[in-house]
Amino acid sequence: MSAGDALGLALLNTWQRGFPLCERPFEAIGRTLGLDEGEVLGRYARLWQAGALSRIGAVFAPGAGGASLLAAMTVPPARLDGVAATVSAHPGVNHNYEREHTTNLWFVATGRDAQQVERLLRSIEQATALPVLRLPMLRPYRIDTAFDLHADLAGAAQPTPAAAAPLVPADRPLAALAEEGLPLTLRPYDVWADQLHGSTLAVLDTLSRWLAQGQLSRFGVVVRHHELGYTANAMAVFDVPDALVDRHGAALAHTPGVTLAYRRARADGWPFNLYCMVHGRNRQAVHAALAHASAQAGLQAYPSAVLFSLRRFKQTGARRFAHHAPHACPAPELQEPAHVEP
């Protein structure tokens with residue numbers, strides 16, 4: 001997407017939340033812009049082909065279903081590419097990054113339950129002969145990857161509520177489709193209804209219910225932040241006394257510029273328990289945002305580290321409900337090429 005593509009920017013930025021839940025969503029968007037639904041649909045297809053758009057679909061809240069785990073490895077530099085390829089080859093791995101630290105390979109493993117995720121991690125350890133740190137999330141304070149694409153820093157001050165109730169089993173096949181993403185067709189919810197042997201109204205009602213109950217963090221456009229200029233991305237970690245971490249984490253969640261904030265379990269050799277992410281267009285802005293966040297949250301006195309991302313080996317959407325999917329071709333999602341420099 002070119003810097004001057006105001007329409008493309010509007011289609012991405014505005015509809016990260018509140019994507020129309022109606023039979024012809026692209027027609028509804030077109031009415032707000034004075035465009036024909038076919039032109040809107042074509043624009044989204046081109047944004048996907050250009051790599052700016054990952055998918056249009058569900059971002060589930062923590063607790064809605066499945067299991068996920070942040071994992072990390074200390075990999076000798078000479079082995080990093082090979083180990084990263086081994087990690088990325090697992091379908092359950094949906095993010096895999098090199099970060100600036102001796103603990104240099106960071107990935108997210110997902111599965112239908114904790115046992116499946118643990119089997120995945122053990123297979124990686126066996127294949128690489130390297131240990132994997134398990135860093136499960138204990139409490140979310142802010143999880144929101146809906147970016148304001150007009151700003152130098154992604155994210156606004158908006159806390160995340162406590163973990164959502166899990167989806168009932170009958171809803172999980174739709175969840176599998178919703179995390180894959182809408183097909184780019186004029187009546188996309190009809191496609192899902194056909195795959196589920198149900199009605200379009202039932203699909204729309206269920207999505208609305210998930211939003212109302214907090215099982216969906218949002219339903220809408222999922223952008224690719226690197227392709228849209230957010231190339232300086234850092235994870236800050238803090239070693240905070242356990243009795244105080246919730247207070248500091250809640251303060252981080254209200255700090256502008258912070259996109260992610262959560263408490264995680266410590267691990268052997270890794271003492272940090274409070275994390276936040278800042279996504280920005282340049283390192284100077286990210287460093288300034290982290291300094292402000294640390295001051296606002298009262299974290300300056302605690303041991304900390306800042307890990308900027310270097311290379312993306314893999315980035316796809318989470319697939320916590322994939323094993324519930326009806327037999328059908330999934331909506332396409334652009335895969336990141338290996339070794340993408342930020």
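Select Phe272 to start: this residue is buried, with a relative accessible area of 10%. The model on screen is a predicted one.

Over the whole structure, a search finds 11 aromatic pairs.

**An aromatic cluster**

Next, select Phe19, Phe26, Tyr44, Tyr189, Trp192 and Phe219. Ring pairs link these residues into a cluster.

**Helices α6 and α7**

Show residues 172–180 for helix α6 and residues 188–196 for helix α7. Their axes come within 11 Å and cross at roughly 140°. The two helices are therefore oblique to each other, and the crossing of α6 past α7 is right-handed. Which residues of α6 and α7 meet? On the α6 side, select Pro173, Leu174, Leu177 and Ala178; on the α7 side, select Trp192, Gln195 and Leu196. The residues of this contact divide into 6 nonpolar and 1 polar, with no charged residue.

Move on to His197, in the loop between α7 and α8 (200–213). Is His197 buried or exposed? His197 is exposed, with a relative accessible area of 76%. Check the backbone here too: phi of His197 is positive, about 55°, although the residue is not a glycine.

**Another positive phi**

Now go to Ala129, in the loop between α5 (114–128) and β5 (133–135). Phi of Ala129 is near 60°, again a positive value in a residue other than glycine. Ala129 counts as exposed, at 67% relative accessibility.

**Met235 in strand β8**

For the last stop, select residues 232–238, which form strand β8, and pick out Met235 within the strand. Met235 has 2% relative accessibility and counts as buried, because the cut-off for that class is under 20%. What does Met235 touch, leaving aside residues up to four places away in sequence? The contacts are Arg99, Trp106, Tyr275, Cys276, Met277, Ala305, Val306 and Leu307. Finally, draw a distance from the C-alpha of Met235 to the C-alpha of Glu100: the two are 9.8 Å apart in space and 135 residues apart in sequence.

Conventions:
Residues are numbered from 1 along each chain as its sequence is written. This is a predicted model: local features need pLDDT of at least 70, side-chain atom pairs count only at pLDDT 80 or more; totals for chains, interfaces and linings use all residues. Side-chain values use heavy atoms; hydrogens and water are left out. Axes are lines fitted to C-alpha atoms, for helices over the stretch in contact, and angles run from 0 to 180 degrees between N-to-C directions. Helices (H or I, at least four residues) and strands (E, at least two) are DSSP runs, numbered from the N terminus. Angles under 35 degrees count as roughly parallel, over 145 as roughly antiparallel, 65 to 115 as roughly perpendicular and the rest as oblique. A crossing is left-handed if the near helix is turned anticlockwise from the far one by less than a right angle, and right-handed if clockwise. Contact means heavy atoms within 4.5 Å. Ala, Val, Leu, Ile, Met, Phe, Trp, Tyr, Cys and Pro count as nonpolar, Asp, Glu, Lys and Arg as charged, and the others, Gly among them, as polar. Rings of Phe, Tyr and Trp (its six-membered ring) pair if their centres lie within 6.5 Å; planes under 30 degrees apart count as stacked, over 60 as edge-to-face and the rest as tilted. Buried means under 20% relative accessible area, exposed over 50%, partly exposed in between (1.4 Å probe, protein chains only).
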